[in-house]
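User: I would like to go through this model term by term and ask what stands behind each label. Please set the values against the cut-offs as we go.

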Amino acid sequence: MEIRRPTDETDIEELIRVHGLAWRAAYDDILPESVLDEVTVEPTREEVSEWAGRFDEDRGAVFVAVDEGVVYGFVDVRWGEENTKPFVGPDEGGVKAIYVHPDRWGAGIGSALLDRGIDALPEGTEAVRLGAFADNDLGARFYEARGFERTEARTVEVAGAEYPLDVWTRSL
């Protein structure tokens, strides 16, 4: 398994597919089916261009996990107030997203991606934070096993409804 930056539109297309499949599997018991059905699994060229544009920012890093030319996961880490979620402080980094193809859950891909993302944070970053649905037990076990602690409870709006969100923090 190679962890590297996306290099072309095919990487971004496969990254979007992984995102959609992981969302549908991980949040099946959390979000309504109508919301999950709206998450892209077969992206259009426009969606690929839109996602690629988000990754060209100066205050973040995206890495994909590739095996035999196929993307099986990705991590998107960010830093800087204008680039992170409101619960991420000025000397902290944020994991905006980390997803692995459901067929590869438990194979160490998420851990490798998280490690690479954290390594990309600027020197002097004191902690890394992320938000995860409070009912996402699989995610909670993953973050706890990697040294994160629940530090805050919030809500997040998805498709006009509010859902409980846990903020997870790991000191660096």
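This is a predicted model: local features need pLDDT of at least 70, side-chain atom pairs count only at pLDDT 80 or more; totals for chains, interfaces and linings use all residues.

User: Why is R17 called partly exposed?

Analyst: The relative accessible area of R17 is 22%. Buried means under 20% and exposed means over 50%, with partly exposed in between, so R17 is placed in the partly exposed class.

User: How do you know that R54 forms a salt bridge with E50, and which helix holds them?

Analyst: The closest N and O atoms of R54 and E50 are 2.9 Å apart, and the limit is 4 Å, so the pair counts as a salt bridge. Both residues lie in helix α3, 4 residues apart, about one turn of the helix.

User: What makes the contact of R150 and D166 a salt bridge, and which strands does the pair tie together?

Analyst: The side chains of R150 and D166 meet at 2.8 Å, N to O, which is to be set against a limit of 4 Å, so the pair is a salt bridge. R150 lies in strand β6 and D166 in strand β7 (residues 161–171), so the bridge ties together parts that are 16 residues apart in sequence. R150 counts as partly exposed at 43% relative accessibility, whereas D166, at 11%, counts as buried because the cut-off for that class is under 20%.

User: How do you know whether D76 is buried or exposed?

Analyst: D76, which lies in strand β3, has a relative accessibility of 3%; buried means under 20%, so D76 counts as buried. Not counting residues up to four places away in sequence, D76 touches F55, A61, V62, G94, V95, K96 and A97.

User: Why is T84 given the class it has, and where is T84 found?

Analyst: T84 is found in the loop between β3 and β4. T84 has a relative accessible area of 18%, and the limit for buried is under 20%, so T84 is buried. Leaving out residues up to four places away in sequence, T84 touches R78, W79 and G94.

User: What class does I3 fall into, and which residues is I3 in contact with?

Analyst: I3 is found in strand β1 (residues 2–4). With a relative accessible area of 23%, against a buried limit of under 20% and an exposed limit of over 50%, I3 is therefore partly exposed. Apart from neighbours within four places in sequence, I3 is in contact with F63, V64, A65, A112, L113 and R116. I3 and F74 are 71 residues apart in sequence, yet 8.7 Å apart in space, C-alpha to C-alpha.

User: What makes up the largest nonpolar core?

Analyst: The largest nonpolar core has 25 residues, and those with the most contacts inside it are L15, W23, Y27, L31, Y99 and F133. At least two residues of this core are supplied by each of α1 (9–26), α2 (33–37), α3 (45–54), β2 (60–67), β3 (70–79) and β4 (92–100), and the largest share, 6 residues, comes from α1. L31, its neighbours within four places in sequence left aside, is in contact with W23, L36, F133, V158 and Y163. Another core of 23 residues lies apart from the largest one, with V75, I109, A120 and Y143 among its members.

User: What is the volume of the largest pocket, and which residues lie nearest its centre?

Analyst: The largest pocket has a volume of about 1200 Å³. It is lined by 47 residues, of which W23, Y27, A97, I98 and Y99 lie nearest its centre. The largest share of the lining, 6 residues, comes from β4. By class, the lining has 28 nonpolar, 9 polar and 10 charged residues.

Key: Residues are numbered from 1 along each chain as its sequence is written. Side-chain values use heavy atoms; hydrogens and water are left out. A nonpolar core is a set of buried Ala, Val, Leu, Ile, Met, Phe, Trp, Tyr and Cys residues joined through side-chain atoms within 4.5 Å. Buried means under 20% relative accessible area, exposed over 50%, partly exposed in between (1.4 Å probe, protein chains only). Contact means heavy atoms within 4.5 Å. On a 1 Å grid over the protein atoms alone, a cavity is a set of points where a 1.4 Å probe fits but cannot get out, and a pocket is an open set with protein on both sides within 12 Å along at least five of seven lines; lining residues have an atom within 4 Å of a point. Grid points are joined across faces, edges and corners, and a volume is the space filled by probe spheres set on the points. Ala, Val, Leu, Ile, Met, Phe, Trp, Tyr, Cys and Pro count as nonpolar, Asp, Glu, Lys and Arg as charged, and the others, Gly among them, as polar.
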